[in-house]
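Subject: Structure handover

Hello,

Here is the structure for you to look through. Please open it beside this email and follow along.

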Amino acid sequence: MGVSSPKDAYLILYNLACCGGWAFVLFLALPSVLTSLATFSLAEIGDALSGVYGLPGLGDGPSLATVLLYVQSAALLEIVHAALGLVRSPIAVTFMQVMSRIVAMFAITHSPASGVQFGAGLM
């Protein structure tokens, strides 16, 4: 089974890039969450989840919040894909779904008060 068209090749590459981005987000966040899980303390798990947006990146790299914004913003292309007919998704539904995630992510990463809430780390 091979790639049947340039459209399919593009969508596969797009999805692989998104998967790689989300894997990097997990790579940055997982040590903090696993450290708190080792103690089996619900309070520490809550602290780890609420502090996940303040985690530093690798070396001098961007913070987790910055990486997360870039990875989530790649979803804007899903709206373009629906508009161009590359995927069989309704444009309006795709637009609302993607924009709600981006607005929530932007609000959490740019508001110190919301970024430290337990539920913010679950998003």
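Which residue forms a salt bridge with R101? E78 does, and the closest N and O atoms of the pair are 3.8 Å apart. The term salt bridge means a side-chain nitrogen of Lys or Arg within 4 Å of a carboxyl oxygen of Asp or Glu. As background, side chains of opposite charge can pair when their charged atoms come close. A search of the whole structure finds one salt bridge. It links distant parts of the chain: E78 is in helix α4 and R101 is in helix α5, 23 residues apart.

Some ground rules come next. This is a predicted model, in which local features need pLDDT of at least 70 and side-chain atom pairs count only at pLDDT 80 or more, while totals for chains, interfaces and linings use all residues. Residues are numbered from 1 along each chain as its sequence is written, and side-chain values use heavy atoms, with hydrogens and water left out.

**Overall fold**

The protein has six helices and zero strands. Its pattern along the sequence is α-α-α-α-α-α. Helices (H or I, at least four residues) and strands (E, at least two) are DSSP runs, numbered from the N terminus.

The protein has 123 residues, and 29% of them count as buried. Buried means under 20% relative accessible area, exposed means over 50%, and partly exposed is in between (1.4 Å probe, protein chains only). The protein exposes about 7,700 Å², and carbon and sulfur atoms supply 73% of that area. Accessible areas come from the Shrake-Rupley method with a 1.4 Å probe; for residues, only the protein chains shown count as cover.

Now the contacts, meaning heavy atoms within 4.5 Å. Take those between residues at least 6 apart in sequence: 58% join residues at least 24 apart.

**Around the salt bridge**

Are the two partners buried or partly exposed? E78 counts as partly exposed because its relative accessibility is 28%. R101 is also partly exposed, at 30%.

R101 has a contact with Q72 as well. Q72 sits in helix α3. Its relative accessibility is 7%, so Q72 counts as buried. Leaving aside neighbours within four places in sequence, Q72 is in contact with W22, R101 and I102.

S89 and E78 are eleven residues apart in sequence, and their C-alpha atoms are 9.0 Å apart. S89 is partly exposed, because its relative accessibility is 32%. Beyond its neighbours within four places in sequence, S89 is in contact with A82 and T94.

**The core**

Which residues make up the largest nonpolar core? There are eight: V25, L28, A29, L64, V67, L68, V71 and M105. A nonpolar core is a set of buried Ala, Val, Leu, Ile, Met, Phe, Trp, Tyr and Cys residues joined through side-chain atoms within 4.5 Å. The elements giving two or more residues to this core are α1 and α3 (64-73). Helix α3 gives the most, with four residues. Look at V25: apart from neighbours within four places in sequence, V25 is in contact with L64, V67, L68 and V71.

**Aromatic pairs**

The whole structure holds two aromatic pairs. Y10 and Y14 form a stacked pair, 6.4 Å centre to centre with 25° between the planes. Rings of Phe, Tyr and Trp (its six-membered ring) pair if their centres lie within 6.5 Å; planes under 30 degrees apart count as stacked, over 60 as edge-to-face and the rest as tilted. Both tyrosines lie in helix α1 (residues 6-39), four residues apart, about one turn of the helix. Y14 is buried, at 9% relative accessible area.

The rings of F24 and F27 have centres 6.4 Å apart and planes at 20°, so this pair is stacked. F24 and F27 also lie in α1, three residues apart.

**The surface patch**

Y10, L77, V80 and L84 make a nonpolar surface patch of about 360 Å². Patches are made of residues with over 30% relative accessible area and no salt bridge: like charges are joined within 9 Å, nonpolar side chains (Val, Leu, Ile, Met, Phe, Trp, Tyr) within 5 Å. Helix α4 gives the most to the patch, with three residues. Y10 is partly exposed, at 35% relative accessibility. L84 lies in α4 and counts as exposed because its relative accessibility is 62%.

Best wishes
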